[in-house]
Amino acid sequence: RDDIVLATKAGMPMGEERNHQGGSRRWLTIELERSLRRLGVDHVDLYQLHRWDPATSDEETLSALTDLQRAGKIRYFGSSTFPAYRIVQAQWAAKENHLGRYVTEQPSYSILQRGIEAHVLPVTEEYGLGVLAWSPLASGWLSGAVRAGQEVATHRSAFLPERFDLSLPHNRARLDAVERLAEVADAAGLTMIQLALGFVTAHPAVTSAIIGPRTLGHLHAQLAAADTVLPADVLDAIDEIVAPGLDLAPQEKFDTPPALLDPALRRR
(Lines give C-alpha, C1' and ligand atoms only; values in the text may rest on other atoms or scores of the structure.)
Protein backbone atom coordinates (compact mmCIF):
# COMPACT_ATOMS: atom_id res chain seq x y z
CA ARG A 1 0.00 0.00 0.00
CA ASP A 2 2.80 2.44 0.79
CA ASP A 3 4.18 2.05 -2.74
CA ILE A 4 0.89 2.99 -4.40
CA VAL A 5 -0.42 6.54 -4.84
CA LEU A 6 -4.15 5.97 -4.48
CA ALA A 7 -6.55 8.67 -5.68
CA THR A 8 -10.32 8.93 -5.80
CA LYS A 9 -12.94 11.60 -6.46
CA ALA A 10 -16.34 12.69 -5.20
CA GLY A 11 -18.95 15.23 -6.20
CA MET A 12 -20.76 13.84 -9.23
CA PRO A 13 -24.40 12.69 -8.74
CA MET A 14 -24.75 9.18 -7.31
CA GLY A 15 -28.41 8.41 -7.94
CA GLU A 16 -31.52 10.56 -7.93
CA GLU A 17 -31.29 11.83 -4.35
CA ARG A 18 -30.50 15.55 -4.53
CA ASN A 19 -28.09 15.42 -1.56
CA HIS A 20 -26.03 12.61 -3.08
CA GLN A 21 -23.78 14.96 -5.00
CA GLY A 22 -21.74 18.13 -4.69
CA GLY A 23 -19.09 19.46 -2.36
CA SER A 24 -20.92 19.70 0.95
CA ARG A 25 -19.28 18.53 4.16
CA ARG A 26 -21.94 15.84 4.55
CA TRP A 27 -21.53 14.35 1.09
CA LEU A 28 -17.73 14.49 0.90
CA THR A 29 -17.49 12.71 4.25
CA ILE A 30 -20.03 10.03 3.29
CA GLU A 31 -18.40 9.37 -0.07
CA LEU A 32 -14.91 9.09 1.40
CA GLU A 33 -16.05 6.60 4.03
CA ARG A 34 -17.75 4.52 1.32
CA SER A 35 -14.62 4.60 -0.84
CA LEU A 36 -12.40 3.53 2.05
CA ARG A 37 -14.69 0.58 2.76
CA ARG A 38 -14.85 -0.48 -0.89
CA LEU A 39 -11.09 -0.19 -1.34
CA GLY A 40 -10.29 -1.85 1.98
CA VAL A 41 -7.87 0.88 3.08
CA ASP A 42 -7.72 3.40 5.90
CA HIS A 43 -6.71 6.40 3.77
CA VAL A 44 -6.31 7.66 0.21
CA ASP A 45 -3.40 9.75 -0.97
CA LEU A 46 -5.41 12.19 -3.10
CA TYR A 47 -9.09 13.08 -2.73
CA GLN A 48 -10.46 15.25 -5.52
CA LEU A 49 -13.62 17.29 -5.95
CA HIS A 50 -14.95 16.04 -9.29
CA ARG A 51 -16.52 19.36 -10.29
CA TRP A 52 -16.94 22.79 -8.74
CA ASP A 53 -20.21 22.89 -6.79
CA PRO A 54 -21.89 26.31 -7.11
CA ALA A 55 -24.36 25.34 -4.36
CA THR A 56 -21.64 24.99 -1.70
CA SER A 57 -19.21 27.63 -0.52
CA ASP A 58 -15.48 27.16 -0.91
CA GLU A 59 -15.15 27.59 2.85
CA GLU A 60 -17.43 24.62 3.60
CA THR A 61 -15.79 22.34 1.05
CA LEU A 62 -12.24 23.24 2.06
CA SER A 63 -13.08 22.99 5.76
CA ALA A 64 -14.45 19.47 5.28
CA LEU A 65 -11.42 18.40 3.24
CA THR A 66 -9.04 19.92 5.77
CA ASP A 67 -10.73 18.02 8.62
CA LEU A 68 -10.53 14.75 6.67
CA GLN A 69 -6.85 15.44 6.06
CA ARG A 70 -6.19 16.15 9.74
CA ALA A 71 -8.02 12.93 10.63
CA GLY A 72 -5.50 11.04 8.48
CA LYS A 73 -8.08 9.76 6.02
CA ILE A 74 -6.64 11.69 3.09
CA ARG A 75 -3.10 12.88 2.51
CA TYR A 76 -3.82 15.64 -0.02
CA PHE A 77 -6.83 17.03 -1.86
CA GLY A 78 -7.38 18.55 -5.26
CA SER A 79 -9.92 19.87 -7.74
CA SER A 80 -11.05 18.61 -11.13
CA THR A 81 -12.23 20.56 -14.18
CA PHE A 82 -12.40 23.86 -12.30
CA PRO A 83 -12.53 27.08 -14.33
CA ALA A 84 -9.45 29.22 -13.76
CA TYR A 85 -11.30 31.83 -11.73
CA ARG A 86 -12.64 29.12 -9.37
CA ILE A 87 -9.11 27.81 -8.82
CA VAL A 88 -8.03 31.32 -7.84
CA GLN A 89 -11.09 31.80 -5.62
CA ALA A 90 -10.44 28.52 -3.81
CA GLN A 91 -6.80 29.41 -3.20
CA TRP A 92 -7.90 32.76 -1.76
CA ALA A 93 -10.56 31.11 0.44
CA ALA A 94 -8.01 28.63 1.81
CA LYS A 95 -5.59 31.40 2.74
CA GLU A 96 -8.29 33.71 4.12
CA ASN A 97 -9.79 30.99 6.35
CA HIS A 98 -6.50 29.24 7.31
CA LEU A 99 -7.55 26.00 5.64
CA GLY A 100 -5.76 23.41 3.55
CA ARG A 101 -5.68 24.14 -0.16
CA TYR A 102 -6.10 22.22 -3.36
CA VAL A 103 -2.69 20.99 -4.47
CA THR A 104 -3.74 19.44 -7.78
CA GLU A 105 -6.11 20.22 -10.65
CA GLN A 106 -7.41 17.62 -13.10
CA PRO A 107 -8.44 19.33 -16.37
CA SER A 108 -9.36 17.98 -19.78
CA TYR A 109 -6.43 18.55 -22.14
CA SER A 110 -5.45 17.27 -25.58
CA ILE A 111 -4.17 18.47 -28.94
CA LEU A 112 -7.79 19.06 -29.99
CA GLN A 113 -8.83 20.81 -26.77
CA ARG A 114 -6.15 23.35 -25.86
CA GLY A 115 -8.25 26.04 -24.19
CA ILE A 116 -6.74 25.50 -20.75
CA GLU A 117 -3.41 26.78 -22.08
CA ALA A 118 -4.95 30.25 -22.13
CA HIS A 119 -6.33 30.34 -18.59
CA VAL A 120 -6.14 27.22 -16.38
CA LEU A 121 -2.49 26.25 -16.88
CA PRO A 122 -1.10 29.75 -16.18
CA VAL A 123 -3.05 29.72 -12.89
CA THR A 124 -1.88 26.24 -11.87
CA GLU A 125 1.70 27.27 -12.55
CA GLU A 126 1.23 30.44 -10.50
CA TYR A 127 -0.01 28.47 -7.48
CA GLY A 128 2.24 25.44 -7.94
CA LEU A 129 -0.57 22.93 -8.47
CA GLY A 130 0.12 19.53 -9.94
CA VAL A 131 -1.86 18.95 -13.15
CA LEU A 132 -3.29 15.52 -13.99
CA ALA A 133 -4.64 15.86 -17.54
CA TRP A 134 -7.63 13.72 -18.45
CA SER A 135 -8.82 12.72 -21.93
CA PRO A 136 -5.42 13.23 -23.60
CA LEU A 137 -6.68 11.06 -26.49
CA ALA A 138 -9.75 13.31 -26.90
CA SER A 139 -12.33 10.55 -26.33
CA GLY A 140 -10.64 8.38 -28.95
CA TRP A 141 -10.21 10.99 -31.68
CA LEU A 142 -6.42 10.78 -31.23
CA SER A 143 -6.15 7.03 -30.69
CA GLY A 144 -5.82 6.25 -34.40
CA ALA A 145 -9.32 4.75 -34.46
CA VAL A 146 -10.95 7.81 -36.03
CA ARG A 147 -9.84 8.40 -39.61
CA ALA A 148 -11.39 9.66 -42.83
CA GLY A 149 -13.12 7.04 -44.93
CA GLN A 150 -13.60 4.50 -42.16
CA GLU A 151 -16.48 3.77 -39.84
CA VAL A 152 -16.13 5.17 -36.33
CA ALA A 153 -16.51 2.28 -33.91
CA THR A 154 -14.94 3.49 -30.69
CA HIS A 155 -16.38 2.72 -27.26
CA ARG A 156 -17.48 6.32 -26.74
CA SER A 157 -19.06 6.67 -30.15
CA ALA A 158 -21.60 4.04 -29.12
CA PHE A 159 -23.07 6.09 -26.27
CA LEU A 160 -22.01 9.60 -27.32
CA PRO A 161 -22.76 9.52 -31.06
CA GLU A 162 -23.10 13.30 -31.35
CA ARG A 163 -19.40 13.66 -30.53
CA PHE A 164 -18.54 11.75 -33.69
CA ASP A 165 -21.31 12.97 -36.01
CA LEU A 166 -19.43 14.22 -39.06
CA SER A 167 -22.41 16.26 -40.23
CA LEU A 168 -21.53 18.72 -37.46
CA PRO A 169 -19.01 21.44 -38.41
CA HIS A 170 -16.87 21.11 -35.29
CA ASN A 171 -16.53 17.35 -35.84
CA ARG A 172 -15.51 17.88 -39.46
CA ALA A 173 -12.88 20.34 -38.20
CA ARG A 174 -11.63 17.73 -35.76
CA LEU A 175 -11.39 15.09 -38.45
CA ASP A 176 -9.45 17.45 -40.70
CA ALA A 177 -7.05 18.14 -37.82
CA VAL A 178 -6.68 14.42 -37.11
CA GLU A 179 -5.75 13.69 -40.73
CA ARG A 180 -3.08 16.39 -40.69
CA LEU A 181 -1.80 15.21 -37.30
CA ALA A 182 -1.53 11.66 -38.65
CA GLU A 183 0.82 12.95 -41.33
CA VAL A 184 2.95 14.64 -38.65
CA ALA A 185 3.05 11.42 -36.61
CA ASP A 186 4.00 9.31 -39.64
CA ALA A 187 6.79 11.70 -40.61
CA ALA A 188 8.18 11.55 -37.07
CA GLY A 189 7.93 7.76 -36.85
CA LEU A 190 5.32 7.92 -34.10
CA THR A 191 1.91 6.42 -33.48
CA MET A 192 -1.02 8.79 -32.97
CA ILE A 193 -1.11 7.74 -29.31
CA GLN A 194 2.57 8.63 -28.87
CA LEU A 195 1.95 11.99 -30.54
CA ALA A 196 -1.08 12.73 -28.37
CA LEU A 197 0.39 11.71 -25.02
CA GLY A 198 3.78 13.21 -25.83
CA PHE A 199 2.12 16.53 -26.60
CA VAL A 200 0.24 16.68 -23.29
CA THR A 201 3.23 15.78 -21.15
CA ALA A 202 5.47 18.24 -23.02
CA HIS A 203 3.76 21.20 -21.37
CA PRO A 204 5.78 22.32 -18.32
CA ALA A 205 2.61 22.82 -16.27
CA VAL A 206 1.44 19.22 -16.75
CA THR A 207 2.46 16.63 -14.17
CA SER A 208 0.94 13.55 -15.79
CA ALA A 209 -1.55 12.34 -18.38
CA ILE A 210 -4.36 10.04 -17.27
CA ILE A 211 -4.89 7.03 -19.51
CA GLY A 212 -8.06 4.94 -19.64
CA PRO A 213 -7.35 1.65 -21.40
CA ARG A 214 -10.22 -0.84 -21.64
CA THR A 215 -8.18 -3.74 -23.04
CA LEU A 216 -4.69 -5.12 -22.60
CA GLY A 217 -3.90 -3.96 -26.13
CA HIS A 218 -4.94 -0.42 -25.26
CA LEU A 219 -2.74 -0.55 -22.16
CA HIS A 220 0.37 -1.69 -24.04
CA ALA A 221 -0.14 0.92 -26.76
CA GLN A 222 -0.48 3.71 -24.23
CA LEU A 223 2.38 2.59 -21.99
CA ALA A 224 4.60 2.53 -25.09
CA ALA A 225 4.14 6.30 -25.22
CA ALA A 226 5.30 6.88 -21.65
CA ASP A 227 8.83 7.87 -22.61
CA THR A 228 7.93 9.80 -25.77
CA VAL A 229 9.57 13.23 -25.95
CA LEU A 230 8.41 15.31 -28.89
CA PRO A 231 11.09 17.45 -30.58
CA ALA A 232 10.48 21.15 -31.16
CA ASP A 233 9.73 20.75 -34.87
CA VAL A 234 6.93 18.27 -34.14
CA LEU A 235 5.44 20.55 -31.48
CA ASP A 236 5.66 23.45 -33.94
CA ALA A 237 3.83 21.37 -36.56
CA ILE A 238 1.07 20.61 -34.05
CA ASP A 239 0.73 24.34 -33.30
CA GLU A 240 0.22 24.97 -37.02
CA ILE A 241 -2.69 22.51 -37.09
CA VAL A 242 -4.38 23.45 -33.80
CA ALA A 243 -3.38 26.85 -32.49
CA PRO A 244 -2.31 27.21 -28.84
CA GLY A 245 -5.25 27.95 -26.55
CA LEU A 246 -7.87 26.75 -29.07
CA ASP A 247 -10.70 24.29 -28.33
CA LEU A 248 -12.03 22.64 -31.46
CA ALA A 249 -15.15 21.52 -29.57
CA PRO A 250 -15.75 24.10 -26.81
CA GLN A 251 -19.29 22.85 -26.20
CA GLU A 252 -17.80 19.64 -24.79
CA LYS A 253 -15.75 21.46 -22.16
CA PHE A 254 -17.05 21.23 -18.61
CA ASP A 255 -15.24 24.38 -17.46
CA THR A 256 -16.63 26.73 -20.13
CA PRO A 257 -18.64 29.55 -18.52
CA PRO A 258 -22.33 28.83 -19.26
CA ALA A 259 -22.86 32.33 -20.74
CA LEU A 260 -20.48 31.47 -23.60
CA LEU A 261 -22.71 28.58 -24.63
CA ASP A 262 -26.19 30.00 -23.94
CA PRO A 263 -26.95 33.41 -25.53
CA ALA A 264 -29.81 33.99 -23.08
CA LEU A 265 -27.28 34.24 -20.26
CA ARG A 266 -25.49 37.10 -22.03
CA ARG A 267 -28.56 39.32 -22.27
CA ARG A 268 -30.62 41.24 -19.76
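**Pockets, packing and backbone**

Analyst: This is a predicted model. Three helices, α5 (155-159), α7 (192-202) and α8 (216-223), each supply at least two residues of the lining of the largest pocket.

User: Which helix gives the most to the lining of the largest pocket?

Analyst: The helices that each supply at least two lining residues are α5, α7 and α8. With 3 residues, the one that gives the most is α8.

User: What is the volume of the largest pocket, and which residues are closest to its centre?

Analyst: The volume of the largest pocket is about 620 Å³. The lining has 24 residues. Closest to the centre are Leu137, Gly140, Arg156, Gly212 and Gln222.

User: How many cavities of 30 Å³ or more does the structure hold, and what is the volume of the largest?

Analyst: The structure holds 1 cavity of 30 Å³ or more. Its lining includes Leu49, Trp52, Asp53, Phe82 and Tyr102. By class, that lining has 4 nonpolar, 3 polar and 2 charged residues. The volume of the largest cavity is about 30 Å³.

User: Are helices α6 and α9 roughly parallel or roughly antiparallel?

Analyst: Take the axes of α6 (residues 169-188) and α9 (residues 232-241): they come within 10 Å and cross at roughly 170 degrees. An angle over 145 degrees counts as roughly antiparallel. So α6 and α9 are roughly antiparallel.

User: Which residues of α9 make the contact with α6?

Analyst: On the α6 side, the contact is made by Ala177, Arg180, Leu181, Val184 and Ala188. By class, the contact has 8 nonpolar, no polar and 2 charged residues. The α9 residues are Val234, Ala237, Ile238, Glu240 and Ile241.

User: Is Arg114 buried or exposed?

Analyst: Arg114 sits in the loop between β4 (104-106) and α4 (120-127). Beyond four places in sequence, Arg114 touches residues including Tyr109, Phe199, Ile238, Asp239 and Asp247. Buried means under 20% relative accessible area. At 4% relative accessibility, Arg114 is therefore buried.

User: What is phi of Ser135, and where does Ser135 lie?

Analyst: Most residues other than glycine have a negative phi. Phi of Ser135 is positive, near 60 degrees. Ser135 lies in the loop between β5 (130-133) and α5.

User: Is Ala138 buried or exposed, and what is its phi?

Analyst: Ala138 is found in the loop between β5 and α5. Ala138 has a relative accessible area of 8%, so this residue is buried. The phi of Ala138 is also a positive value in a residue other than glycine, near 55 degrees.

User: How far apart in space are Leu99 and Leu65, C-alpha to C-alpha?

Analyst: Leu99 is in the loop between α3 (84-96) and β4. In sequence, Leu99 and Leu65 are 34 residues apart. In space, C-alpha to C-alpha, the separation is 8.9 Å.

User: Which residues is Leu99 in contact with, leaving aside neighbours within four places in sequence?

Analyst: The cut-off for contact is heavy atoms within 4.5 Å. With sequence neighbours within four places set aside, the contacts of Leu99 are Glu59, Leu62, Ser63, Thr66 and Ala94.

Notes: Residues numbered from 1 in each chain as written. Predicted model: local features only at pLDDT ≥ 70, side-chain atom pairs only at ≥ 80, totals over all residues. Heavy atoms only, no water. 1 Å grid on protein atoms, 1.4 Å probe; cavity = no way out; pocket = protein on both sides within 12 Å on 5 of 7 lines; lining within 4 Å. Points joined across faces, edges and corners; volume = space filled by probe spheres on them. Helix = DSSP H or I, 4+ residues; strand = E, 2+ residues; numbered from the N terminus. Axes fitted to C-alpha atoms, helices over the stretch in contact; angles between N-to-C directions. Parallel < 35°, antiparallel > 145°, perpendicular 65-115°, else oblique. Nonpolar A, V, L, I, M, F, W, Y, C, P; charged D, E, K, R; others polar. Buried < 20%, exposed > 50% of the residue type's maximum accessible area, 1.4 Å probe, protein only.
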